[in-house]
Every structure is written in structure tokens, then in C-alpha cells.
Amino acid sequence: EERHRTQQLLYQMIPRRIADVLRSGERFEAETYHDATILFSDIVGFTTISAGSTAMEVCNMLDELYNEFDALLESDKYKALYKVETIGDAYMLVANVTEPCVEHVDVMCDFALDMARVCRWVRARVKTNRGQPLEIRVGIHTGSVVGGIVGRRMPRFHLFGDTGVQAASRMESHGVPGSVHISGASRRFIRHPQRYLITERGEISVKGKGLM
């Protein structure tokens, strides 16, 4: 039983297929994934919130919110999504990497909309130091990434690539609070566009990427 719990914990930290390779004593070679859909989210005004809060208050706030996001991932609907990491207030997911997913953008958009819904629940329990409700920004992009294990101690599965990871991050940072900002690349991969209310923003200037 203890061995099973340890194994399940490992699978939460590293994709199952990759974890099994490492457990066998072999080295996992980095792989390229051409049509990965990446989601980034962050908390609007997090720097200001943190400046006026104690470290414990910030930790509890993030724990409250991200526990709800993690609970969503346990649903069968989102089994194709993989939580890559959280860094500060940033929450990062990927689809069509750890396992194939034909509707990877649709599934990610559904998750993003559920994130917004969950955030509204959390607002009733958690207020910022200014008494304002929590708001999140969400960005989604589809592109090529390289995924691999970095380091030996506390190994984690990381994604790299300007056309995938950085572009997704820029979609989040240039997004509108309370909305889901998707790139043109992701829009082209949506299998059921009729299920969403999509408003085109046209070309915008994106830091480090030019016009997108």
C-alpha cells in the first residue's frame, strides 16, 4: 500500500509514461510535440495584493484557489490535461502532450471557462487585502514545444519553446481580466466553434512577438 501511494505521488509529479521510464533506470530523451495547447493563468493585480498581505495570507489565498483548479483536473472530462507547474500566481497546463487529444483546444477552453466559474466561488470565501474580489487572466496558445526531464534531484517534466510556451504566456499577459484569450493558432484547432462566443481582437502588439 505504501509503495502504491508513492507511485501515485510520482505520477502526479511526472507523466506516467515518463515516470515508468525513469523508474526502470533509463534516461528519458526530450521529445518534440508539434500541436501542444498550453494554458497560462494568473491573478490580476497579484503584485499589489502581495505587497499589502502577509506571506501566510498569500499562501492561503493561492492554496484555496488552486485546490479548486486541481479538483477540476480529477474529472474524466479533463483527463487529457496535464498540470505542468505553478510559479507564484501562475498556473500552467498542457494538452495533447502527455497523451493524444483530438479536441485539445476545445477541452482546454472548457477548462478555462470552468476556472472562471470556480474563481467566482472562491471570491465568496477569499478577499484581497483591498477587499476586492479575485480576478484571473487566462491565455491559451497552440504550437510546437519540447518536453523533457531536467535534473536528477526532484526531477520535473518541463516544456520549452518560443513558439509554444512563450506565446501562451504572452496570451495570458495581454489578456483581459475575466476573459479567455486564445491565439489565432488555437482558434484554428477548435473542433466545435459553435459552442463558444468568440470575439476577434484583431492584430495586437505582443511583447517579444510583434503583431499577433
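Seven helices and eight strands make up the chain, where helices (H or I, at least four residues) and strands (E, at least two) are DSSP runs numbered from the N terminus. The radius of gyration of the chain is 18 Å, close to the 17 Å given by the globule rule for 212 residues, so the chain is as compact as a globular protein of that length; the radius is taken over C-alpha atoms, and the rule is 2.2 Å times the number of residues to the power 0.38. The model is predicted: local features need pLDDT of at least 70 and side-chain atom pairs count only at pLDDT 80 or more, while totals for chains, interfaces and linings use all residues. Residues are numbered from 1 along each chain as its sequence is written, and side-chain values use heavy atoms, with hydrogens and water left out.

Along the principal axes, the C-alpha atoms fill a box of roughly 50 × 40 × 30 Å. Among contacts (heavy atoms within 4.5 Å) between residues at least 6 apart in sequence, 66% join residues at least 24 apart.

Turning to one helix pair, α4 (residues 55-73) and α5 (residues 104-123) pack at an angle of about 140 degrees, with their axes 10 Å apart. The contact is made by Glu64, Leu65, Glu68, Phe69, Leu72 and Leu73 of α4, together with Phe111, Asp114, Met115, Arg117, Val118, Cys119 and Val122 of α5.

Terms used
Axes fitted to C-alpha atoms, helices over the stretch in contact; angles between N-to-C directions.
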